[in-house]
Amino acid sequence: MKKDLKIYIGVSFILPYIMGFAIYYCKLNNINTNIYPLFQMFMPFLGVVALLYSEDKSILKNSVIKIYIITSLILFAFSIINIFSSNFNTSFSDFIILISAIPMIICISTMDKNLKRKLCLDNPNKKTTLLICLVFIIIYFLRLFLGGILQGETREIIKILNINSVKILVSIFIFSFLNIVPFIGEEYGWRAYLAPRLKEIYGYKKSILITGFIWGIWHLPLNLFYYSDGQLASQIYSILGQIVFCTFFGIFLTYAYNKTKSIWAPVMIHYLNNNLALLFITDISKDIFSGQHYDLKGFLFTSISSIIFFGIFIFFNHVKDESLWEKSVFENIKED
């Protein structure tokens, strides 16, 4: 394995897997665990920073990277405090992310254009980015209605299509810039670095499969102790479903990244994928992702629908034509 891949995998995986024990401990002691998946989303970005630092020590002088590291350290401290203080208010983490987003966005917008391009933080195709986000929303609701038909819950799904849902959808877009920092953390690692880096070594087909598998098992501690309800069968289906979904959803995100030549398309799509679920809840204070029961039926639907709706993009030119792939941020730094 190449040195940069070892650094990236090491940094991205070690702490989240250690944090898995913290999640398990907190679950046993009825301590809020919301902060751990949030903190884990920051790790892929830090993995990229670590490998870039091995090539160029001056990378830590960049204001965006400084802000991200500081925010990550604060969340790490909160994650530790949460273990020993059951009364710790984890909403502090949301506040930190909100206030860090503003200076980070300002720093990106004022960054030198060449440096922004080299770090894969520019967005030269804003209209295409919005269009692909719209395509994802259509796919999201198609999968939703298909699931409703198969489970006989079509009426329940139709009920959410009201004025209140429209308001929530609009608010999701309006406040996206304040909530996308964790999603930058993930997508910067998987799309700006890992997928194109593996493509350079193995070609696009193996890159997609390997990236999907790595992204899937990166969630392992969360699948075992956070997402699932703790039952063995549920944990197994959660893990398997995660790997299949990450593999095929990753194809669509890779297409979006190469098509727009921008990390912001996959960042926004990932953000929408996680936050559109707000349309289906009445109490936003509840954690809708934790303690879910996964079964064979749900696993099969997730897998088949992901293969059909996202897998088709493997036949699109911006995935199958390797000349249209964006270079990894690692290659950009090395070429400097």
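Select Asn273 and show what surrounds it: apart from neighbours within four places in sequence, Asn273 is in contact (heavy atoms within 4.5 Å) with Phe136, Tyr140, Phe245 and Phe249. The model is predicted, so local features need pLDDT of at least 70 and side-chain atom pairs count only at pLDDT 80 or more, while totals for chains, interfaces and linings use all residues. Residues are numbered from 1 along each chain as its sequence is written, and side-chain values use heavy atoms, with hydrogens and water left out.

Asn273 belongs to helix α15, residues 264-275. Helices here are DSSP runs of H or I with at least four residues, numbered from the N terminus. Is Asn273 buried or exposed? Asn273 counts as buried because its relative accessibility is 16%; buried means under 20% relative accessible area, exposed over 50%, and partly exposed in between, with a 1.4 Å probe and protein chains only.

**The core**

Next select Leu119, Leu121, Phe136, Tyr193, Phe249, Phe252 and Ile269. In the largest nonpolar core, which has 95 residues, these touch the most other members. A nonpolar core is a set of buried Ala, Val, Leu, Ile, Met, Phe, Trp, Tyr and Cys residues joined through side-chain atoms within 4.5 Å. Which helix gives the most to this core? Helix α11, residues 181-202, does, with ten residues.

Stay on Leu121. Not counting residues up to four places away in sequence, Leu121 touches Val64, Ile108, Met111, Lys116, Tyr188, Ile263 and Trp264.

Then pick Cys120, in the loop between α6 (113-118) and α7 (126-151). Cys120 is buried because its relative accessible area is 7%. Its phi is near 60°, a positive value in a residue other than glycine. Most residues other than glycine have a negative phi.

**The first helix and the loop after it**

Select residues 3-28, which form helix α1. The helix has 26 residues and reaches 38 Å from its first C-alpha to its last, close to the 38 Å expected at 1.5 Å a residue; the expected span is 1.5 Å times one less than the number of residues. Its buried residues include Asp4, Tyr8, Phe13, Met19 and Cys26.

Just after α1 comes Asn30, with a positive phi of about 55°. Asn30 lies in the loop between α1 and α2 (35-40). Asn30 counts as exposed because its relative accessibility is 73%.

Move to Leu73 in helix α4, residues 63-84. Leu73 counts as exposed because its relative accessibility is 54%. Phe42 is 31 residues from Leu73 in sequence and 10.0 Å away in space, C-alpha to C-alpha.

Gly241 is in helix α14, residues 232-260, and is buried because its relative accessible area is 9%. Leaving out residues up to four places away in sequence, Gly241 touches Phe299 and Thr302. Between Gly241 and Leu300 there are 59 residues in sequence and 8.1 Å in space, C-alpha to C-alpha.

**Last stop: α12 and α13**

Show helix α12 (residues 204-218) and helix α13 (residues 220-227), which pack at an angle of about 35° with their axes 4 Å apart. Axes are lines fitted to C-alpha atoms, for helices over the stretch in contact, and angles run from 0 to 180 degrees between N-to-C directions. Gly216, Ile217 and Trp218 in α12 meet Leu220, Pro221 and Asn223 in α13.

Terms used: Helix = DSSP H or I, 4+ residues; strand = E, 2+ residues; numbered from the N terminus.
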